[in-house]
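Please open the model in your viewer and keep the selection panel at hand. The tour moves from one selection to the next and says what is there each time.

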Amino acid sequence: MEKLLQVKDLHVSFVTYGGEVQAVRGVSFDLHKGETLAIVGESGCGKSVTANSIMKLIPSPPGKITAGKIIYNGQELVTKEEKEMRHIRGVDISMIFQDPMTALNPTLTIGEQLTEGLRQHQQISRQAANQQAMDILDLVGIPNPKERLRQYPHQFSGGMRQRIVIAMALICEPELLIADEPTTALDVTIQAQILELFEKIQKETGIAIILITHDLGVVAKIADRIAVMYAGKIIEVGDKREIFYHASHPYTKGLLLSVPRLDRPEEKLIPIDGTPPDLFSPPVGCPFTARCPQAMEVCEKVYPYQTALSDTHQVECWLQDEKARKPAVL
Ligand SMILES: Nc1ncnc2c1ncn2[C@@H]1O[C@H](COP(=O)(O)OP(=O)(O)OP(=O)(O)O)[C@@H](O)[C@H]1O
Ligand code: SF4
Ligand SMILES: [Mg+2]
C-alpha cells in the first residue's frame, strides 16, 4: 500500500515559566492511503500535540517542533511556509478538533459555513457549492439537506452538530482526516452512531483517518492499526488484532484492562496505579518504570530499543531482551 504520511522522529516542546515541557519525544509512524490509524493513550501523553503538529497548528510561542520530519505525499511539512500549509489544511488534510462544539459559528447558517471553505479553495459557483453541501449532508446522514442548509447550529441536536462538523471537514474531499476525540462530548448512543458514520465515510470515500481517542472500544470497531502513546512516545504499534489479542507492552495490557470499552460495557475496570511522569524532566529510562509490575533494574536506566514482533507489530520494552530479563549472576 502506498504511504500517504510519514512522521519521523518528531519532537515537540513547549517553553513555559515552569520549564520546557517535552510533549512529544521522538514519535515515528507511517499512514497508508485509505487506512485508519488510532492513536490511544492516557491524558497528557501527547496525542493532540502529535495531531496538531501534522497540521502545523502548534501555538508558537510557547510550542515548537524541535526535530523530526512530517512527509505528506512526498512533501515535507515541518519546513513548509504558512501560506502553503493553509492550502494543505483547506484541501488535503482536515481536522476535527477535540472540542467540536466550538467549531460551528452560531451566527452563520450551516450552508454558509459548509460552502465557505469550498469557495475559498476552489473556483466554484454558489449553485455548485450548495449542491456539494447538500451531497455532503446526505453522506453524513442529515435528512432534508435543502432546508437544513438554511438553518443555524442551535437548530440541531448535539449529535447532528457533530455530523455537520464532520461534513465541514469532508466537503473539500481531503485525503486525510484527523479526528481528535470526535465523540467524547457525546452520549454513548450518539457516540456509536458517529463511529458508524466514520466507518461508512471511510468505505465510501477511501479517505485515510487518524483517530485519536481514550476509548479502546472505539478503535476495536473502526481502526486498522493502533499506536499506543505514553509520555510523549509511541511505545507499541500494531494491527488492531495484534494490539487486542497479542499486546506486549505492560502499559498496553494495563490500558486494555483500565478503559471502558463500548464493545464490553459490563467488564470490570482495573485502573493502572500511579500517574504518568512529569514531562518537564522525563525519565532517561522507560517512562513506565514507576508503574510497571514487571520493571527490572535496566528499565529506569536505559530507554528500551524497538523490537519488531512482526512486520506490523513493534514494541519498546526491555522484556523483549532475553539478557535484560536474566539478572546478572554475581
Ligand atoms: N500550549 C501548551 N502549553 C504548554 N504545554 C502544553 C501545551 N499544549 C500541550 N501541552 C502539554 O503537552 C503535553 C501533551 O499534551 P496533549 O494535549 O497532546 O495530550 P493528550 O494526549 O492529547 O491528552 P488528552 O487525552 O487529555 O487530550 C501535556 O503535558 C500538556 O500539558
Ligand atoms: S521497559 Fe521495563 S518498565 Fe518499561 S514497560 Fe518494559 S518491563 Fe516495564
Ligand atoms: Mg488531546
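What follows is a walk through a predicted model, beginning at the ligand and ending at a pocket.

Begin by selecting ligand 1 together with the 17 residues that surround it, among which S43, G44, K47, S48 and Q98 are the closest. If you colour this shell by residue class, you will find 7 nonpolar, 7 polar and 3 charged residues.

Next, show the side chain of S43, where a polar atom lies 2.4 Å from an oxygen atom of ligand 1. Then move to S48, which has a side-chain N or O atom 2.8 Å from an oxygen atom of the ligand, and to G46, where it is a backbone N or O atom that lies 3.1 Å from a ligand oxygen.

Now turn to the secondary structure around ligand 1: strand 1 (3-16), strand 2 (19-32) and helix 1 (47-54) each supply at least two residues of the shell, and helix 1 gives the most, with 3 residues.

For the last stop, select R89, S94, M95, M168 and A169, which of the 25 residues lining the largest pocket lie nearest its centre. Helix 2 (82-91), strand 6 (93-96), helix 3 (110-121) and helix 6 (158-170) are the elements that give two or more residues to this lining, with the largest share, 6 residues, coming from helix 3. The pocket has a volume of about 620 Å³, and its lining comprises 15 nonpolar, 7 polar and 3 charged residues.

Technical notes: Residues numbered from 1 in each chain as written. Chains lettered and ligands numbered in written order. Predicted model: local features only at pLDDT ≥ 70, side-chain atom pairs only at ≥ 80, totals over all residues. Heavy atoms only, no water. Near = heavy atom within 4 Å. Polar contact = N/O pair within 3.5 Å; in protein donor to acceptor, adjacent residues only side chain to side chain. Helix = DSSP H or I, 4+ residues; strand = E, 2+ residues; numbered from the N terminus. Nonpolar A, V, L, I, M, F, W, Y, C, P; charged D, E, K, R; others polar. 1 Å grid on protein atoms, 1.4 Å probe; cavity = no way out; pocket = protein on both sides within 12 Å on 5 of 7 lines; lining within 4 Å. Points joined across faces, edges and corners; volume = space filled by probe spheres on them.
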